[in-house]
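Let's take a walk through this protein and its ligand.

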Amino acid sequence: MEDDLVVVSNRGPVSYRVDDGGDLVARRGAGGLISTLGPALAARARAAGRGEAAGADTWIAAAIGEGDRKAAANGPVDSQGVRVRLLAVDEDDYRAFYDVISNQTLWFAYHGLDNRSLTPSLGRSWHDAWEAYVSVNRAFAAAVAEEATDGATVIVHDLHLSLVGGFLAQDRPDLATAHFAHTPFCWPDGLAVLPAGARRQLLEGLAGHGAVGFHATRWERAFLACCAEAGVGAPSTFVAPAAVDPDDVGGVAAGDECARHLAQLDELAGDRRLVVRVDRMELSKNVVRGFSAFDLLLEEHPELVGEVLFLACCYPSRESLPEYAAYRRAVVAEAARVNDRWGPVVHLVTDDDFPRSVAALCRADVVLVNPVRDGLNIVAKEQAIVNRRHAALCLSPQAGVWEELGEAGALAAPPFDLVGTADALHRALTMGADERADRASRVRAAATARTPADWLALQLTAARRPAG
Ligand code: G6P
């Protein structure tokens with residue numbers, strides 16, 4: 001049935017760990033995809049009157065760690081009205097699929113992170129990893145084919161699973177499929193790092209879906225340019241920026257944990273104004289240049305020393321990759337350098353504590369979001385919902401969310417330009433109260449103009465649109 005929905009992604013809404021007694025302990029899955037897709041599916045379940053009982057919607061995700069693998073053997077579970085099936089694949093294939101292809105190759109290409117003089121460097125092991133990527137995608141397609149009822153709608157999420165639609169088009173042509181990309185897409189020159197065969201397979205796999213969606217028009221245009229250059233027939237495309245559920249993040253902001261962190265932040269900041277950033281410890285987030293720009297701000301405006309504290313909440317990500325470990329060291333070193341120069345002006349926290357991050361966004365006077373490139377950037381929307389001080393948003397025009405919030409009143413923080421970023425921070429810290437309030441309310445209106453349910457509805461419509 002068309003209304004039956006199967007969503008597919010690498011990370012699922014629930015993940016498991018094995019506790020000391022050998023029992024499985026469930027917890028909510030991590031990451032931006034879960035915090036946008038989870039509420040959208042839960043709202044759909046509530047609207048269909050399914051409440052906590054699983055109904056027609058199925059979410060297929062990878063069994064990632066040991067706990068997930070054990071849980072996968074017990075069969076599907078219910079999570080907020082959605083039936084969740086964890087798929088266990090060969091562990092070596094999974095590492096190659098996730099680390100080598102998804103994170104080190106596609107993520108780097110889409111975000112423009114390669115240092116072309118040295119990376120990527122695609123030896124035999126890379127080619128083997130590509131085969132593993134294909135076979136894991138094939139396994140996901142087979143799981144979808146098992147789960148999906150006749151004519152069901154299938155939405156495949158994120159760069160890990162680019163090829164699922166191509167396999168389904170052959171095996172289950174009755175299904176209405178769409179792929180949704182949470183990352184940017186790169187222009188043909190960026191995709192040229194892939195060997196021609198893999199490049200074609202990637203684009204054909206994506207084009208095998210009934211429709212392909214992005215958070216921003218610029219990524220849609222880049223994808224279409226790649227298809228045109230490779231001579232791959234472009235599928236129908238759509239743009240649907242993800243939305244934040246105000247009740248979800250607002251609930252955390254209103255909670256006791258957040259209140260406790262707010263009290264600690266008040267003590268830490270004292271009378272100083274707060275520049276805040278909240279990110280994964282991620283190369284594309286541009287944390288190092290953010291600190292360098294703050295250093296320049298203090299150099300050019302020494303009157304701000306002692307007046308402003310930069311609170312950076314950078315929680316761990318992809319720690320098995322050497323690139324991420326090196327980046328973390330660079331972030332810590334740059335924060336230390338700035339503090340050596342000016343005293344304790346940067347406060348960097350590197351553990352994962354969502355209520356503390358929300359508290360930081362509530363208390364911020366300025367929020368810095370300066371990625372070198374970002375599919376959307378959900379923090380820019382979350383801060384608009386929870387902030388209590390009319391924070392000024394300094395936002396990279398290279399973030400997909402710029403298309404929604406740039407015109408609405410964010411200040412441009414050009415990601416590679418330290419002078420431009422320092423100027424944006426200075427403007428944010430010195431603008432009059434009326435302008436701050438006006439910009440903050442326009443950013444908030446733009447950030448909340450759509451709901452997660454609207455976002456999901458656009459994906460469903462795109463998948464079900466007849467071809468041609
Ligand atoms: C962000 C990205 C997604 C990615 C997710 C989790 O939300 O936009 O594309 O899938 O992070 O990444 P991870 O590697 O931790 O699963």
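What follows goes from the domains to their interface, then to the ligand and a few local details.

One thing to keep in mind from the start: this is a predicted model. The protein chain splits into two domains. Domain 1 takes in 5–243 and picks up a further piece, 453–464, while domain 2 covers 246–447. If you take the centres over C-alpha atoms, domain 1 and domain 2 sit 29 Å apart.

So how much area do domain 1 and domain 2 bury between them? The figure is about 1900 Å², with 54% of it on carbon and sulfur atoms. Trp107, His111 and Arg218 deserve a click here: they supply 24% of the area that domain 1 buries against domain 2, more than any other three residues. In terms of contacts, 29 residues of domain 1 touch 25 residues of domain 2.

Next, the polar side of that interface. Nine residue pairs are in polar contact across the interface of domain 1 and domain 2, both partners being at pLDDT 80 or more. Which elements give two or more residues to the side of domain 1 that touches domain 2? They are helix 1 (32–47), helix 3 (91–111) and helix 8 (217–230). Helix 3 gives the most, with ten residues. Sorted by class, this side of domain 1 has 15 nonpolar, ten polar and four charged residues.

Now for the charges. Side chains of opposite charge can pair when their charged atoms come close. Two salt bridges turn up across the interface of domain 1 and domain 2.

The overall count comes to 33 salt bridges. One of them joins Arg85 and Glu146, whose closest N and O atoms are 3.0 Å apart. This pair links distant parts of the chain, with Arg85 in strand 6 (residues 82–87) and Glu146 in helix 4, 61 residues apart.

On to the ligand. Its surroundings include Gly32, Leu33, His160, His182, Thr183, Arg280 and Arg318. Which distances separate polar side-chain atoms from ligand oxygen atoms? For Asp158 the value is 2.4 Å, for Tyr98 it is 2.5 Å, and for Arg11 it is 2.6 Å.

A couple of backbone details are worth a look as well. Thr119 and Pro120 are joined by a cis peptide bond, with omega at about 0 degrees. Pro120 is found in the loop between helix 3 and helix 4 (124–147). Asn286 is not a glycine, yet has a positive phi of about 70 degrees. Look for Asn286 in the loop between strand 11 (273–280) and helix 11 (287–300).

Last stop: Arg28, in strand 3 (residues 24–28). Setting aside neighbours within four places in sequence, Arg28 is in contact with Pro13, Ser35 and Asp248. Thr237 is another matter: 209 residues along the chain from Arg28, with 31 Å between the two C-alpha atoms.

Conventions
Residues numbered from 1 in each chain as written. Heavy atoms only, no water. Domains from an automatic or database assignment. Contact = heavy atoms within 4.5 Å. Buried area = accessible area lost by both parts, 1.4 Å probe. Salt bridge = Lys/Arg side-chain N within 4 Å of Asp/Glu carboxyl O. Polar contact = N/O pair within 3.5 Å; in protein donor to acceptor, adjacent residues only side chain to side chain. Helix = DSSP H or I, 4+ residues; strand = E, 2+ residues; numbered from the N terminus. Nonpolar A, V, L, I, M, F, W, Y, C, P; charged D, E, K, R; others polar. Near = heavy atom within 4 Å.
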